[in-house]
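Visitor: I have a model open and would like a guided look at it. Can we take it one question at a time?

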Amino acid sequence: MPNKKPPKSKQTTNVVGAGAAGGGIGTLIATFAESLPADSSYKSFLTIAAPLIAIGISGVWFFIKSVYIDPYAAKKKHDADFGYLNQLIDDAKSYEKRILDDPNSTEKHKQEVRKNVENIEKKLMQAIEANVELVIN
């Protein structure tokens with residue numbers, strides 16, 4: 001039986017990203033320190049302080065990403081999804097109006113179109129309700 005790994009949580013992904021940011025900066029600082037002349041007073045300080053600076057930068061990046069970037073991206077995604085859903089519903093209602101106004105459409109077809117548009121609206125309301133329950137719980 002294959003060993004399935006659980007999906008990575010958002011928290012784990014953020015920590016890995018912060019570690020990569022700090023690790024990259026720490027490596028740059030250490031490389032820069034090694035390129036300084038041997039008699040430079042900053043060389044030993046930067047070489048010793050590089051890991052601490054890297055940890056500090058990781059923490060700052062993690063904070064900025066989790067407090068500012070992630071909520072902004074989530075809001076933008078939500079707004080785009082909501083706009084797309086509204087456009088779909090507007091298209092469905094427009095189609096419904098066109099069918100209802102068409103004298104050549106049968107009564108059965110008009111009822112089917114009305115029912116389909118109502119089902120779309122119900123599904124949207126169910127999705128909104130499910131999201132509200134997720135936020136509340």
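**The lining of the pocket**

Visitor: How do the residues lining the largest pocket divide into nonpolar, polar and charged?
Guide: This is a predicted model. The lining is made up of H78, D81, F82, L85, L124, A127, I128, N131 and V132. Asp counts as charged, and Phe, Leu, Ala, Ile and Val count as nonpolar. The division is six nonpolar, two polar and one charged.

Visitor: Which element gives the largest share of that lining?
Guide: Two elements give two or more residues each to the lining of the largest pocket: α2, residues 41–101, and α3, residues 107–136. The largest share is five residues, and it comes from α3.

Visitor: How much space lies in the largest pocket?
Guide: L124 and V132 are among the residues that line this pocket. The space in the largest pocket is about 190 Å³.

**The fold**

Visitor: What pattern does the protein chain follow along the sequence?
Guide: The chain has three helices and zero strands. Read along the sequence, the pattern is α-α-α.

Visitor: What percentage of the residues count as buried?
Guide: Buried means under 20% relative accessible area. The protein chain has 137 residues. The buried share is 18%.

Visitor: What share of the contacts with a separation of 6 or more comes from residues 24 or more positions apart?
Guide: Contact here means heavy atoms within 4.5 Å. For the protein chain, the share from residues 24 or more positions apart is 49%.

Visitor: Which elements give two or more residues to the largest nonpolar core?
Guide: The core holds five residues: I29, A33, L36, L46 and A50. The elements giving two or more of them are α1, residues 10–35, and α2.

Visitor: Is A33 buried or exposed?
Guide: A33 lies in helix α1 and belongs to the largest nonpolar core. The cut-off for buried is under 20% relative accessible area. A33 has 0% relative accessibility, so A33 counts as buried.

Visitor: How far apart in space are A30 and A50, C-alpha to C-alpha?
Guide: A30 is found in helix α1. A50 touches A30, along with G26 and I29, not counting residues up to four places away in sequence. A30 and A50 are 20 residues apart in sequence, and their C-alpha to C-alpha distance is 5.8 Å.

Visitor: What is the relative accessible area of A30?
Guide: Partly exposed covers the range between buried, under 20%, and exposed, over 50%. A30 is partly exposed because its relative accessible area is 29%.

**The aromatic pair**

Visitor: What kind of aromatic pair do F63 and Y68 form?
Guide: The structure holds one aromatic pair. F63 and Y68 are 6.2 Å apart, centre to centre, with 85 degrees between the planes. Planes over 60 degrees apart count as edge-to-face. The pair of F63 and Y68 is therefore edge-to-face.

Visitor: Is Y68 buried or exposed?
Guide: F63 is partly exposed, at 45% relative accessible area. The cut-off for exposed is over 50%. Y68 has 55% relative accessibility, so Y68 counts as exposed.

Notes
Residues numbered from 1 in each chain as written. Predicted model: local features only at pLDDT ≥ 70, side-chain atom pairs only at ≥ 80, totals over all residues. Heavy atoms only, no water. 1 Å grid on protein atoms, 1.4 Å probe; cavity = no way out; pocket = protein on both sides within 12 Å on 5 of 7 lines; lining within 4 Å. Points joined across faces, edges and corners; volume = space filled by probe spheres on them. Helix = DSSP H or I, 4+ residues; strand = E, 2+ residues; numbered from the N terminus. Phe/Tyr/Trp six-rings, centres within 6.5 Å; stacked < 30°, edge-to-face > 60°. Buried < 20%, exposed > 50% of the residue type's maximum accessible area, 1.4 Å probe, protein only. Core = buried A, V, L, I, M, F, W, Y, C linked by side-chain atoms within 4.5 Å.
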